[in-house]
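Work through the exercises below with the sequence and the model side by side. Try each task before reading its solution.

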Amino acid sequence: MMFKNVKWGFLAAIWLFLPGLVVMQTAHAAGYQEKKGDTHFEGRNREFRWESDRVHYKCSSGKKVTVIYMNMEPQGHLAFIDYDGVMRLMKPYRASGNSVKYMALDDHNSFRWHRIGDRGFLSYLPYGKHGEQRLEKLCQVDD
């Protein structure tokens, strides 16, 4: 049963990111390249426009969190979060004002990222349980 969920999660991730991968390759061919120190990237072709921002956070526990916020039009927004050396794919599920909540696409490994301006909070919701467990209480943008 778990293999079935992993398989469908993998296929869903490919379906979501295949247009983005095509865009990135097209943008790269058009001359858009990452330069050391850059944190903002843009690209476009006939069908898609994308931009991303890489933000580094330092948390009150001393751990670091890196988040890549990706906006692909017309697909929408996604976030990649790197925590403890593992990259997780997240989608926004609630937004108001300068606050956005993201949740992992993987139900069995459901991390949550709550961004409010230049601060963030990381939590985890165990599969089949209610109530999030806070992993990082306060993360500030690390310049």
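**Exercise 1.** Are Tyr69 and Tyr102 buried or exposed?

*Solution.* Both Tyr69 and Tyr102 are buried. Buried means under 20% relative accessible area, exposed over 50%, and partly exposed in between, with a 1.4 Å probe and protein chains only. The model is predicted, so local features need pLDDT of at least 70, side-chain atom pairs count only at pLDDT 80 or more, and totals for chains, interfaces and linings use all residues. Residues are numbered from 1 along each chain as its sequence is written, and side-chain values use heavy atoms, without hydrogens and water.

**Exercise 2.** State how many helices and strands the protein has, and give their order along the sequence.

*Solution.* Step 1: count the elements. Helices (H or I, at least four residues) and strands (E, at least two) are DSSP runs, numbered from the N terminus. Step 2: read the order. The pattern is α-β-β-β-β-β-β-β-β-β. Of the 143 residues, 31% are buried.

**Exercise 3.** Find the disulfide and say which strands it ties together.

*Solution.* Step 1: search the whole structure. One disulfide turns up; the criterion is a pair of cysteine sulfur atoms within 2.5 Å. Step 2: name the partners. Cys59 and Cys139 form the link, with sulfur atoms 2.0 Å apart. Cys59 lies in strand 2 (residues 49-59) and Cys139 in strand 9, so the pair ties together parts 80 residues apart in sequence. Step 4: describe the link. The Cys59 and Cys139 link is right-handed, with 90° about the S-S bond. Cys59 and Cys139 are buried.

**Exercise 4.** How many aromatic pairs are there? Describe the pair of Tyr57 and Trp113.

*Solution.* Step 1: apply the rule. Rings of Phe, Tyr and Trp (its six-membered ring) pair if their centres lie within 6.5 Å; planes under 30 degrees apart count as stacked, over 60 as edge-to-face and the rest as tilted. The count is three aromatic pairs. Step 2: classify Tyr57 and Trp113. This pair is edge-to-face, at 5.0 Å centre to centre with 65° between the planes. Step 3: locate the rings. Tyr57 lies in strand 2 and Trp113 in strand 7 (residues 110-116), so the pair joins parts 56 residues apart in sequence. Step 4: check burial. Tyr57 counts as buried because its relative accessibility is 2%. Trp113 counts as buried because its relative accessibility is 1%. Step 5: return to Tyr69 and Tyr102. Their pair is tilted, at 5.8 Å centre to centre and 45° between the planes. Tyr69 is in strand 3 (residues 64-73) and Tyr102 in strand 6 (residues 99-104), 33 residues apart.

**Exercise 5.** Trace how strand 5 pairs with strand 4 and strand 6.

*Solution.* Step 1: take strand 4 (residues 76-83) and strand 5 (residues 86-96). They run antiparallel and are joined by five bridges; strands pair if DSSP finds at least two bridges between them. Phe80 has Leu89 in strand 5 as its bridge partner. Step 2: inspect the turn. The strand 4 and strand 5 hairpin has two residues between the strands, and Asp84 in the turn has a positive phi of about 55°. Step 3: move to strand 6. Six bridges join it to strand 5, again antiparallel. Lys91 stands opposite Met103 in strand 6. Two residues separate the strands of this hairpin too, and Gly97 takes a positive phi near 60°.

**Exercise 6.** Which residues touch the most other members of the largest nonpolar core?

*Solution.* Step 1: define the set. A nonpolar core consists of buried Ala, Val, Leu, Ile, Met, Phe, Trp, Tyr and Cys residues joined through side-chain atoms within 4.5 Å. Among the 18 residues of the largest core, Tyr57, Val65, Val67, Tyr69, Met90 and Trp113 touch the most other members. Step 3: list suppliers. Strand 2, strand 3, strand 4, strand 6, strand 7 and strand 8 (119-125) each give at least two residues to this core. Step 4: look beyond it. Another core, of five residues, lies apart and includes Trp50, Met72, Leu78 and Leu89.
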